[in-house]
Amino acid sequence: MVVNPQFFNYKLIVSSLVLALIALSGFAYVNYSNQKQVQSFLMQEHKLVENELSEMLRRYDDLETENGSLNSQLEASKERLRSILDSVKTLEPSAALVSRYKTQLIKLKAENESIRALVKSLEIKNDSLINTNQKVETSLALTQTQLHKTSTTAKVLKTENNTLEKTNVTLKSQLEEAKRIAIVNMNAEGLKRVTRNRKVTTNRASKTKKLHVSFTMVANKFAEHGDKNIYIQVLDPQNNIVSNKAEVNFKEKSLIYSQKEVVNYRNNNLDVSTFIDIDEDKDLVKGTYFVSVFHDVELIGSTSIELK
């Protein structure tokens, strides 16, 4: 049997082409399958980037702060997020695009965490300030309450003090009154002469050479004991001083007296008797004579005598 070489070569070539076509078809199938997987992976990554950007934007919306500078920073970050998110939604996914967005996403996450940490720090400080402010308000309220109580107490004490001052003034006045020296049994009479054994009285002005004044200083345990200056003043019917002895001054007061007696008072009843000489060159006139007794300048007793 004779084989044609040309036919054999043609058959070999056809076989080779078939094998090459089969191999190329297999490669194309494998390549198509790989491209489908890569495309699916890119779509998934693209969706993940979109979801993460949306979640970050939502978290930014949840952040609240009263700090103006931080608010401006938040708005700038949110604007960048919106811009990138819009780009992700509109552009077809590709490996380069996904890679670039992931790089931006990492930076945005870092920025987001930094801002959230700053907001958290401000919230902690704000809470601390609120707590401190509440403590200050509580302390202020307590202080105001205490001040009100103190003010009320001060008013009460002032009222009590005024009452005590009035009481003290009253008691002081009563004590001064209680310490006053008093006299009883006061008597005044005219004398025409006095001998060793007796006194010769008269009610005639022309015959009167002396005036006899007597009284009893009453016992008083509250009065100071010791020497007491007793002044006797006699006024004639025309209010002229009889037997002008001298004048004594006590601060803004003064007294012209007819007779001065210094008596030793021991807080017991003490009888006092004194004689007032009538000036020899002066005759007494008819009428009523007024006799007053002073302890210093304080009037402690008085009486009168009628001379004819």
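A residue is called buried if its relative accessible area is under 20%, exposed if that area is over 50%, and partly exposed in between, with a 1.4 Å probe and protein chains only. At 37% relative accessibility, D277 therefore counts as partly exposed. The structure shown above is a predicted model, in which local features need pLDDT of at least 70 and side-chain atom pairs count only at pLDDT 80 or more, while totals for chains, interfaces and linings use all residues. Residues are numbered from 1 along each chain as its sequence is written, and side-chain values use heavy atoms, with hydrogens and water left out.

The overall plan comes first. The protein contains 3 helices and 10 strands; helices (H or I, at least four residues) and strands (E, at least two) are DSSP runs, numbered from the N terminus. Read from the N terminus on, the order of the elements is α-α-α-β-β-β-β-β-β-β-β-β-β. Of the 308 residues of the protein, 27% count as buried.

The salt bridges may be considered next. A salt bridge is a side-chain nitrogen of Lys or Arg within 4 Å of a carboxyl oxygen of Asp or Glu. In one of them, E298 is joined to R180, and the closest N and O atoms are 2.3 Å apart. This pair links distant parts of the chain, since E298 belongs to strand 10 (residues 298-307) and R180 to the loop between helix 3 (95-179) and strand 1, 118 residues apart. E298 has 30% relative accessibility and so counts as partly exposed; R180, with a relative accessible area of 32%, is partly exposed.

K199 forms a salt bridge with E189, where the closest N and O atoms are 3.4 Å apart. Here K199 lies in strand 2 and E189 in strand 1, 10 residues apart, and the pair links distant parts of the chain. K199 counts as partly exposed because its relative accessibility is 36%. K210, at 26% relative accessibility, counts as partly exposed.

Aromatic rings provide another kind of contact. A pair of aromatic rings is described by the distance of the centres and the angle of the planes. Rings of Phe, Tyr and Trp (its six-membered ring) pair if their centres lie within 6.5 Å; planes under 30 degrees apart count as stacked, over 60 as edge-to-face and the rest as tilted. By this rule, there are 2 aromatic pairs. Y231 and F250 form an edge-to-face pair, with 6.4 Å from centre to centre and 75° between the planes. It links distant parts of the chain, with Y231 in strand 4 (residues 226-235) and F250 in strand 5 (residues 246-250), 19 residues apart. Y231 is buried, because its relative accessible area is 3%, whereas F250 is partly exposed, because its relative accessible area is 24%. Y231 and Y257 form a tilted pair, with 4.8 Å from centre to centre and 50° between the planes. This pair likewise links distant parts of the chain: Y231 is in strand 4 and Y257 in strand 6 (residues 253-257), 26 residues apart. Both Y231 and Y257 are buried. Through these ring pairs, Y231, F250 and Y257 are linked into a cluster.

N239 is not a glycine, although its phi is positive, at about 65°. N239 is found in the loop between strand 4 and strand 5, and it counts as exposed because its relative accessibility is 55%. N267, also a residue other than glycine, has a positive phi near 70°. N267 sits in the loop between strand 7 (259-265) and strand 8 (270-277). At 17% relative accessibility, N267 therefore counts as buried.

The surface also carries a group of charges. K192, R193, R198, R204, K207, K209, K286 and K308 gather there in a patch of positive charge. Patches are made of residues with over 30% relative accessible area and no salt bridge: like charges are joined within 9 Å, and nonpolar side chains (Val, Leu, Ile, Met, Phe, Trp, Tyr) within 5 Å. Lys and Arg count as positive and Asp and Glu as negative, while His and the chain ends are not counted. R198, one of the patch residues, is found in the loop between strand 1 (183-194) and strand 2 (199-202). At 49% relative accessibility, R198 counts as partly exposed.

Conventions
Areas by Shrake-Rupley, 256 points an atom, 1.4 Å probe, with all protein chains shown as cover. Charge placed at Lys NZ, Arg CZ, Asp CG, Glu CD.
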